[in-house]
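Student: I would like to learn how to read a structure like this one. Can we take a few features in turn?

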Amino acid sequence: MIMTLNSQFQRDCEAEIEAQGSDQSLASAGREWFDRANEHKYSYHFSWLGRPIIQYPQDMVAMQELIWAVKPDLIIEAGIAHGGSLILSASFLALLDLTDGIERGEMIDPRASERKVLGIDIDIRSDNRDAIEAHPMASRIQMIEGSSIADDVIAQVKDVSAAHERVLVVLDSNHTHDHVLAELEAYAPLTSVGSYCVVFDTVIEDLPSDMFPDRPWGRGDNPKTAVWEYLKSHPEFKIDKTIDSKLLISVAPDGFLVRTA
Ligand SMILES: C[S@@+](CC[C@H](N)C(=O)[O-])C[C@H]1O[C@@H](n2cnc3c(N)ncnc32)[C@H](O)[C@@H]1O
């Protein structure tokens, strides 16, 4: 992960993260914890600034670190659900504006800010849309309803993206291999060099094969298999393993893709 400090403390942290990432007994304790927490639908029980968010707290902190390091002016997110992750991203962009404003000695009007979140979902329920549009972060958020892999949706996203300089991409919609691979083909190229394409729910590959009996995805057919396939022909992306080693408990192992070229 991009580091901004170069102190002894930072070097100690890097060594500790590497060590914990190769601690196999800790990894196996984490997997056991994960399987048991999943039985309770752990990831559904959090909210961000009042909106339900379907993420792990560890991944939310990772997103904060990425957004602070990359300083994107556009975050593209496939998969809105209740809107919590859009609000999370928008609030981190608001903090970037706040710190920019403090440095420049002038406050940035959120409605005039360049920093935006673009969300896509095949089904934006009216109660979710109303709540997102009524939220204090709403001025930063634009939503497109439609399948993230439909040609017209991809064209709209590309249009919006063309007006921005530093783009970060988050994929968290339909979790089948084919769908995520198609999303990667469409949206990963919009990721700016030095920024990230984050693919959520890669962890499905590591979970018991009977964990999602009512879903079209499972072991062998999920976001992680799509990431592995995509990377075979896209050397400009690398998995940032330091994030996995840091988080240990995450729904996105092998899913934090940094664009290096
Ligand atoms: C896991 S939820 C998203 C959670 C959200 N990112 C969060 O963290 O709170 C997945 C969402 O993907 C949407 N979805 C499913 N298939 C889709 C598709 N083909 N295109 C776009 N969105 C899709 C679903 O409607 C659902 O709202």
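Student: How much space lies in the second largest pocket?

Tutor: Start with the general idea. Rolling a probe the size of a water molecule over the atoms shows where empty space is left. Keep in mind that this model is predicted. Here the second largest pocket holds about 500 Å³ of space.

Student: Which residues lie closest to the centre of the second largest pocket?

Tutor: A27, R31, D206, L248 and P253 are the closest to its centre, out of 22 lining residues. Two or more residues of this lining come from each of α1 (8–21), α2 and α9 (241–247). Of these, α2 gives the most, with seven residues.

Student: How does the lining of the second largest pocket divide by class?

Tutor: It has eight nonpolar, six polar and eight charged residues.

Student: What is the volume of the largest pocket?

Tutor: The largest pocket has a volume of about 1200 Å³. Its lining counts 46 residues. Nearest its centre are Y44, I54, H175, R215 and W217.

Student: Which elements each supply at least two residues of that lining?

Tutor: α2 (24–39), β2 (51–53), α4 and β4 do. The largest share, three residues, comes from α2. By class, the lining of the largest pocket has 21 nonpolar, 16 polar and nine charged residues.

Student: Let us turn to single residues. Is S148 buried or exposed?

Tutor: Accessibility is the value to read, and under 20% counts as buried. S148 is buried because its relative accessibility is 5%. Its place is in the loop between β5 (141–145) and α6 (151–162).

Student: Which residues does S148 touch, leaving out those up to four places away in sequence?

Tutor: S148 touches A78, I120, V153, I154, S173, H179, E183 and Y187.

Student: Where does P110 lie?

Tutor: P110 is in the loop between α4 (84–104) and β4 (116–121). With 40% relative accessibility, P110 counts as partly exposed.

Student: What does P110 touch beyond residues up to four places away in sequence?

Tutor: P110 touches K116, S139 and R140. P110 and D152 are 42 residues apart along the chain, and their C-alpha atoms are separated by 29 Å.

Student: Now the cysteines. How many disulfides does the count come to?

Tutor: First the idea. A disulfide is a covalent bond between the sulfur atoms of two cysteines. In this model the count comes to zero disulfides.

Student: Are C13 and C197 buried or exposed?

Tutor: C13 has a relative accessible area of 18%, so C13 is buried. C197 is at 0% relative accessibility and counts as buried.

Student: Last topic, aromatic rings. How many aromatic pairs are there?

Tutor: The count comes to seven aromatic pairs. Take Y230 and F237 as an example: their ring centres lie 6.0 Å apart and their planes stand at 55°, so the pair is tilted. To check that label, recall that planes under 30 degrees apart are stacked and those over 60 are edge-to-face. Both Y230 and F237 are buried.

Student: Which residues form one aromatic cluster?

Tutor: W33, F34, Y42, F46 and Y56 form one. Find them in the view, then go back to the lining of the largest pocket, where Y44 and W217 are among the residues nearest the centre.

Technical notes:
Residues numbered from 1 in each chain as written. Predicted model: local features only at pLDDT ≥ 70, side-chain atom pairs only at ≥ 80, totals over all residues. Heavy atoms only, no water. Helix = DSSP H or I, 4+ residues; strand = E, 2+ residues; numbered from the N terminus. Buried < 20%, exposed > 50% of the residue type's maximum accessible area, 1.4 Å probe, protein only. Contact = heavy atoms within 4.5 Å. 1 Å grid on protein atoms, 1.4 Å probe; cavity = no way out; pocket = protein on both sides within 12 Å on 5 of 7 lines; lining within 4 Å. Points joined across faces, edges and corners; volume = space filled by probe spheres on them. Nonpolar A, V, L, I, M, F, W, Y, C, P; charged D, E, K, R; others polar. Disulfide = S-S within 2.5 Å. Phe/Tyr/Trp six-rings, centres within 6.5 Å; stacked < 30°, edge-to-face > 60°.
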